[in-house]
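Visitor: I have a chain open here and would like to go through it piece by piece. Can we start with a strand pairing?
Guide: Go ahead.

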Amino acid sequence: MQSRSCSISVIFLWLVTSAVLAKAVDNMEGNTAASKDSVPHIALLASGGGQRAAVGLVGSLYQMEKEDLLDTLLYLGGVSGSTCDPQWSANMDTAVSRLSGPGVELGEALAWINERSKDEYFSLTDVWGVLTSAGIMKQMDLRHLSDEVSRNATNPYPIYSAIEKHCFSDGPIEGKWLEVSPHEAGFTELGLFIETSLLGSKFEGGELLEEKPEMDMVTLQGVLGCALADEETVKVFIPPWLNVPGYIDATAEEYLHVYNRLIKLVALTRSTIKDPTALSDMDKLQKILEGMVNHNKSVLLESNSSAERKGLFQQWSLELLAAVETWSQSLEDGPMKTHVSVLTKKVLPMIMKWEWGTTANFLYQYPDSMVPLCLRSEERFHLVDAGLLINVAYPPFLGDKRDIDLIVAPEYSAGNMFETLTLARDYAAEVRRAFPDINNKTLEERDWPKDCYVFEGKQNEPSIIYLPLFNRRNCKDAEEVKAKMEEFSTFQRPFSQEKIEFVLEVAKDNIKNNKETLLREINKAVLRQHNKRKSMQH
């Protein structure tokens with residue numbers, strides 16, 4: 001267990017990348033020459049936003065490479081849907097084409113689930129990770145994040161984020177945000193870290209008891225992108241006929257969990273299938289589930305008491321699962337039936353348990369009262385999507401540890417525009433970190449934002465370039481912005497080829513159209529870092 005103000009990863013990063021970054025800045029248009037010891041600390045922090053964010057981030061990075069700006073980035077911060085392959089920049093053309101590719105065969109994905117289910121920490125996070133990897137990211141990345149320690153220095157250094165579920169609900173802010181880099185994983189505000197390869201190993205009292213295999217990128221992507229692990233998120237899916245005062249209780253929410261998880265499972269599974277007969281079978285299952293819910297609607301509206309409704313919800317949850325079992329048994333013998341059998345045996349019990357992000361707790365019984373009780377009292381904790389707290393990974397990049405000069409922040413979120421900024425500002429104030437001012441008049445533009453804003457850092461605050469995906473340049477009014485966000489909503493079936501290409505082009509254009517602003521602010525960051533170094537020498 002390590003407690004540090006200046007981590008190994010920061011020292012390593014400066015030693016490995018400073019020459020690369022200095023060369024990149026020197027090669028920019030209108031550059032200010034950067035010496036090796038004064039290269040700017042620039043981070044690209046993309047927001048979450050499901051497949052919209054995953055595709056948008058690839059488009060933004062692709063265009064930054066085309067504009068010779070990619071190598072100026074020191075860090076890449078990912079959260080939720082913007083958690084991407086740490087090796088992506090080795091070949092941006094391949095990254096773009098893969099999004100439109102055939103994806104991963106269902107058999108390969110299910111073989112991974114079958115093997116992973118033998119682990120004591122198997123949870124819905126693994127299911128979410130494999131199906132989004134196979135159906136949306138179109139690859140099964142079985143590498144480990146710690147493999148990036150011997151990384152290619154031309155890639156920005158990846159830092160991913162999660163939150164601890166129970167501390168998020170009931171604990172102090174110091175116990176909420178966890179960052180994971182190739183070198184270390186730990187809680188940002190506590191300053192307590194372990195080697196990333198040990199995340200998932202068993203600790204007690206700060207001592208390693210049992211070393212377990214490191215989670216691969218498939219599981220890690222499940223941890224970092226599972227917003228549905230939060231019980232509040234399910235309320236997004238409440239149909240109008242059920243959204244009646246007194247109808248939504250714990251049993252109603254459990255029913256919605258089961259139904260929405262099954263529908264999402266069907267959609268993601270469908271995206272990994274090419275055989276027409278198998279696709280037809282999946283369509284039949286979806287119609288069965290939708291038909292049951294429509295029938296339940298009429299029965300519920302006729303019910304009289306809360307006790308009666310509670311019994312109905314419990315019965316319907318079991319009936320949904322039974323319907324899947326019956327459907328799976330009706331399939332013709334063959335590969336499809338074998339694959340579905342794995343899903344029903346391994347995944348349906350997890351849906352009923354609704355357990356996410358289960359991981360060995362490296363702070364269990366940690367002998368320091370500064371560690372919140374919600375972290376040190378249990379042998380296991382539950383790591384989930386950090387976007388539930390702030391949908392951009394600002395926390396690891398605030399303060400002196402990484403000394404960030406400039407943040408490039410492409411905004412793909414579905415919430416209110418500028419919300420990630422105001423949440424980050426409030427977080428920074430609570431943990432006493434510097435953050436640039438946000439003009440209240442700017443916030444009034446949330447419904448129809450410009451395509452680029454610069455929030456200038458004065459002294460210790462980083463400057464932020466904020467780039468909304470849908471904006472005044474590509475939408476004629478606020479109504480079109482709203483319509484685009486609905487068309488490309490976070491919780492829907494995997495995007496069609498047409499939708500993928502549209503989001504890619506919009507994200508590329510946002511970078512291309514604001515190249516001059518990016519160049520200007522990067523040059524300011526060079527001067528700022530130079531002046532910092534100069535003042536330190538005196």
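Visitor: In E9, which residue is the bridge partner of Lys202?
Guide: Glu210 is the bridge partner of Lys202. This is a predicted model, where local features need pLDDT of at least 70, side-chain atom pairs count only at pLDDT 80 or more, and totals for chains, interfaces and linings use all residues. Residues are numbered from 1 along each chain as its sequence is written, and side-chain values use heavy atoms, with hydrogens and water left out.

Visitor: In what sense do E8 and E9 pair, and over how many bridges?
Guide: Strand E8 (residues 202–204) and strand E9 (residues 207–210) pair in the antiparallel sense, over 3 bridges. Two strands pair if DSSP finds at least two bridges between them. Strands (E, at least two residues) and helices (H or I, at least four) are DSSP runs, numbered from the N terminus.

Visitor: What sits between E8 and E9?
Guide: The two strands form a hairpin with 2 residues between them, and Gly205 in the turn has a positive phi of about 60°.

Visitor: Which residues other than glycine have a positive phi?
Guide: Gln365 is one of them, with a phi of about 55°. Phe418 also has a positive phi, of about 75°. Most residues other than glycine have a negative phi.

Visitor: Where is Gln365, and is it buried or partly exposed?
Guide: Gln365 lies in the loop between E10 and H13. Gln365 is partly exposed because its relative accessibility is 40%; buried means under 20% relative accessible area, exposed over 50%, and partly exposed in between (1.4 Å probe, protein chains only).

Visitor: And where is Phe418?
Guide: Phe418 is in the loop between strand E12 (406–411) and helix H14 (419–430). Its relative accessible area is 1%, so Phe418 counts as buried.

Visitor: New topic, cysteines. How many disulfides does the count come to?
Guide: The count comes to 1 disulfide, a disulfide being a pair of cysteine sulfur atoms within 2.5 Å. Cys167 and Cys374 are the pair, with an S to S distance of 1.8 Å. Cys167 is in helix H6 (residues 165–170) and Cys374 in helix H13 (residues 373–376), so the link joins distant parts of the chain, 207 residues apart.

Visitor: What is the handedness of the link between Cys167 and Cys374?
Guide: Right-handed, with 90° about the S-S bond.

Visitor: On to pockets. How much space lies in the second largest pocket?
Guide: About 410 Å³. The search uses a 1 Å grid over the protein atoms alone, and a pocket is an open set of points where a 1.4 Å probe fits, with protein on both sides within 12 Å along at least five of seven lines. A volume is the space filled by probe spheres set on the points, which are joined across faces, edges and corners.

Visitor: Which residues are closest to the centre of that pocket?
Guide: Arg116, Asp119, Pro213, Glu214 and Met215, out of 22 lining residues. Lining residues have an atom within 4 Å of a point.

Visitor: Which element gives the largest share of the lining?
Guide: H4 does, with 3 residues. Helix H4 (106–116), helix H5 (124–137), helix H7 (217–224) and strand E10 (358–360) each supply at least two.

Visitor: How does the lining divide by residue type?
Guide: Into 6 nonpolar, 8 polar and 8 charged residues. Ala, Val, Leu, Ile, Met, Phe, Trp, Tyr, Cys and Pro count as nonpolar, Asp, Glu, Lys and Arg as charged, and the others, Gly among them, as polar.

Visitor: Back to Met215. Where does Met215 lie, and what does it touch?
Guide: Met215 is in the loop between E9 and H7. Not counting residues up to four places away in sequence, Met215 touches His144, Leu199, Leu220, Val223 and Thr359, contact meaning heavy atoms within 4.5 Å. Met215 is buried, with a relative accessible area of 15%.

Visitor: Last one, Gln286. Which helix is it in, and what is it in contact with?
Guide: Gln286 is in helix H9 (residues 276–302). Leaving aside its neighbours within four places in sequence, Gln286 is in contact with Ile263, Val266 and Arg493. Gln286 is buried, at a relative accessible area of 11%.
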